Amino acid sequence: MTEVKSLSFNMSVSSMEYIPEGEILVITYGRSIAFHSAVSLDPIKSFEAPAPINSASLHPEKEFLVAGGEDFKLYKYDYNSGEELESYKGHFGPIHCVRFSPDGELYASGSEDGTLRLWQTVVGKTYGLWKCVLPEEDSGELAKPKISFPETAEEELEEIASENSDSIYSSTPEVKA
């Protein structure tokens with residue numbers, strides 16, 4: 001229980017993630033996302049975000065990172081260049097935590113709005129129980145969600161989903177004066 005090294009910052013640290021492969025620390029404070037060597041604590045690089053950041057996570061392949069903070073947005077940055085690749089809203093409150101799955105296929109974000117959201121790293125890729133199904137453009141009907149499960153339960157679940165979605169999507173909206 002003896003301190004061997006320490007880092008000091010000019011403001012409160014909001015999160016830290018340890019990446020064992022490469023021994024990297026991902027540290028967020030204020031608008032900064034900083035990367036330090038976990039062995040020497042020397043700085044590797046840092047990025048500035050447009051808003052205060054509460055959490056950041058580096059993809060396992062170290063190609064990009066995601067970060068979330070006070071402006072309700074998630075940011076995706078190229079790890080090598082620092083270029084902002086995407087930013088988008090999905091929460092209705094500040095984002096307090098962001099982490100990649102071990103395989104890097106998903107990342108999760110948790111917010112003050114009480115929600116945890118899962119995001120696909122590659123949108124539309126089939127992953128686990130998720131399967132991308134595009135709506136038919138010419139049919140004029142609302143697309144019904146389709147989920148793939150192991151064959152033993154698939155037929156039963158399709159019937160239940162069909163019954164439930166038919167009752168939701170087939171009814172005529174009620175208009176009140």
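## Model and fold

The model is predicted: local features need pLDDT of at least 70, side-chain atom pairs count only at pLDDT 80 or more, and totals for chains, interfaces and linings use all residues. Residues are numbered from 1 along each chain as its sequence is written, and side-chain values use heavy atoms, with hydrogens and water left out.

The protein has eleven strands and one helix. Their order from the N terminus is β-β-β-β-β-β-β-β-β-β-β-α. Helices (H or I, at least four residues) and strands (E, at least two) are DSSP runs, numbered from the N terminus.

Of the 177 residues, 33% count as buried. Buried means under 20% relative accessible area, exposed over 50%, and partly exposed in between (1.4 Å probe, protein chains only). The accessible surface is about 11700 Å², with 53% belonging to carbon and sulfur atoms.

## Aromatic pairs

The structure holds eight aromatic pairs. Rings of Phe, Tyr and Trp (its six-membered ring) pair if their centres lie within 6.5 Å; planes under 30 degrees apart count as stacked, over 60 as edge-to-face and the rest as tilted. The F9 and Y29 rings have centres 4.6 Å apart and planes at 45°, so this pair is tilted. F9 lies in the segment before β1 (13–19) and Y29 in strand β2 (residues 24–29), so the pair ties together parts 20 residues apart in sequence. F9 is partly exposed, at 25% relative accessible area. Y29 is buried, at 16%.

One aromatic cluster is formed by F35, F47, Y75, Y77 and Y79. K45 lies over the face of Y79, 4.1 Å from the ring centre. The charged end of K76 sits over the ring of F64, at 4.4 Å from its centre. For such a placement, NZ of Lys or CZ of Arg must be within 6 Å of the ring centre and within 35 degrees of the ring normal.

## S15 in strand β1

S15 belongs to strand β1. S15 is buried, with 11% relative accessibility. Its side chain makes a polar contact of 2.7 Å with the side chain of T28. The S15 side chain also reaches the backbone oxygen of N54 at 3.4 Å. Beyond neighbours within four places in sequence, S15 is in contact (heavy atoms within 4.5 Å) with V26, I27, T28, N54, S55 and A56. A polar contact is a pair of N or O atoms within 3.5 Å; within protein, one must be able to donate a hydrogen and the other to accept it, and residues adjacent in sequence count only if both atoms are side-chain atoms.

Conventions: Accessible areas come from the Shrake-Rupley method with a 1.4 Å probe; for residues, only the protein chains shown count as cover.
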